Amino acid sequence: MKRTSRLAAWLLAAGVGTLAVSGVASTAARADDGAAALAGKTCGTLESRVAEIPGSGPVFLRSYDSSFGVGQTSELPLREAAFTYDNALAVIALVACGKTEPALRIGESLLSAATLDRARRQGRLRNTYRAGTQTQKPIPPNGWWDVTANRWFEDAYQVGSATGNVAWAGLALMTLGEATGEERFRSGAAELARWVVANAADPRGPGGFNGGVQGFDDKPQALTWKATEHNTDLVALFGWLARSGTAGEWAGPEKAARGFLDRMWADGGGHFPTGTAPDGVTVNRATSGLDAQLWPLLLRGAPEDWRAALDYAEKAHGVDGGFDFNDDRDGMWVEGTAQAALVYRLLGRSDDAQRLLAEVGKEVSRGGHVWATREDSITTGLAIGPDSTTDDFRYYRRPHLAATAWTVLAAVGWNPFTGERVK
């Protein structure tokens, strides 16, 4: 509103007239109203999904919503899957909405999982848990009963621990710590960060931290590639922990993760490569990732020259109405388009942010969740796991928790890496 008022004053001084001023002000007001309406709708969706789970105890939310018969998946590994990343985002989004109580119900589950894993490790957080109330201690990862095989199954990725997912859970706990003033959430985030330092630190090549661990407890498999995305998450988490009063413990890890980003930026020549190959040294130039371009710009103190990554993203990832995950531009990744809207807001490009939010607003399902994609399916250029022989990881048009949470963050204007509102 301040920008509109200054512009109105300039127009009056220039003698343009009150009709033009009224038109500018009403256009800005409509944009603000649109963002507020989208925030209200998506905040309400997250709050209602928590409220639908009986009781007041810890919960995890389904990653793929099936309310009103929309988006039901027949894939047993996904039907009741509550991905850690998605639920961490839901916590942050609910706090951004001013809905701390439902955020706490999810946060209590993340804290419990961070405190003790079935492998008797503190900080060993799994990629996926089963949605619903969480009464078991330790909380088991997601699994399902296969009637045909007549036995219980688990998925190698879902029981693994991806470094980025652990970091996002830590950011969610830090967000709750600041919202409630309770030290136990910050302590839980620190446990997660210590697990990363102990299990994913990798000094090879550009240094930084690798992808984590995948596979079953009796045969864990190290993920030796390194991701720009993961190291960005860690810069945010380590930095936040350092600012909370324990700088001595986290200065080194933060420097290592930030050093990785600096190397990727230098090697990218105006953008961020996705990371390294499994050797931990060779820069991966096979594909491009939107989050690798956008997320570093959300970091506190991000260098101004990194903004060139957004210019690159517009050219390499831009599609009609928004952005694709990778640079083949085969469709709109709605979650990433919301991320871009938040980055635009942070950089003061409010018109671009509102334009993207208007497009994201078209992708709200009947159940209230935001669709993951606009098209039926889009590629990412990435593999599901180390045993994949192709780039088999895709996004599908399903009502998605993370897409909904990122829409909240963009519409409200909340930076998940700092716990602060953006203008």
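When I say that residues meet or are in contact, I mean that they have heavy atoms within 4.5 Å, and helices here are DSSP runs (H or I, at least four residues), strands likewise (E, at least two), numbered from the N terminus. This is a predicted model, in which local features need pLDDT of at least 70 and side-chain atom pairs count only at pLDDT 80 or more, while totals for chains, interfaces and linings use all residues. Residues are numbered from 1 along each chain as its sequence is written, and side-chain values use heavy atoms, with hydrogens and water left out.

In the pairing of H4 with H6, Thr 84, Tyr 85, Ala 88, Leu 89, Val 91, Ile 92 and Val 95 of H4 meet residues of H6 that include Trp 168, Leu 171 and Leu 176. The residues of this contact divide into twelve nonpolar, three polar and no charged, where Ala, Val, Leu, Ile, Met, Phe, Trp, Tyr, Cys and Pro count as nonpolar, Asp, Glu, Lys and Arg as charged, and the others, Gly among them, as polar.

Turning to the loop between strand E4 (132-133) and strand E5 (144-146), we find Gly 143 there. Is Gly 143 buried or exposed? At 1% relative accessibility Gly 143 counts as buried, the cut-offs being under 20% relative accessible area for buried, over 50% for exposed and partly exposed in between, with a 1.4 Å probe and protein chains only. Leaving out residues up to four places away in sequence, Gly 143 touches Arg 130, Trp 152, Phe 153 and Glu 154, and its C-alpha lies 7.3 Å from that of Asp 155, twelve residues apart in sequence.

Finally, Ile 106 is in contact with Val 50, Val 59, Phe 60, Leu 61, Asn 87, Ala 90, Val 91 and Leu 94, its neighbours within four places in sequence left aside.
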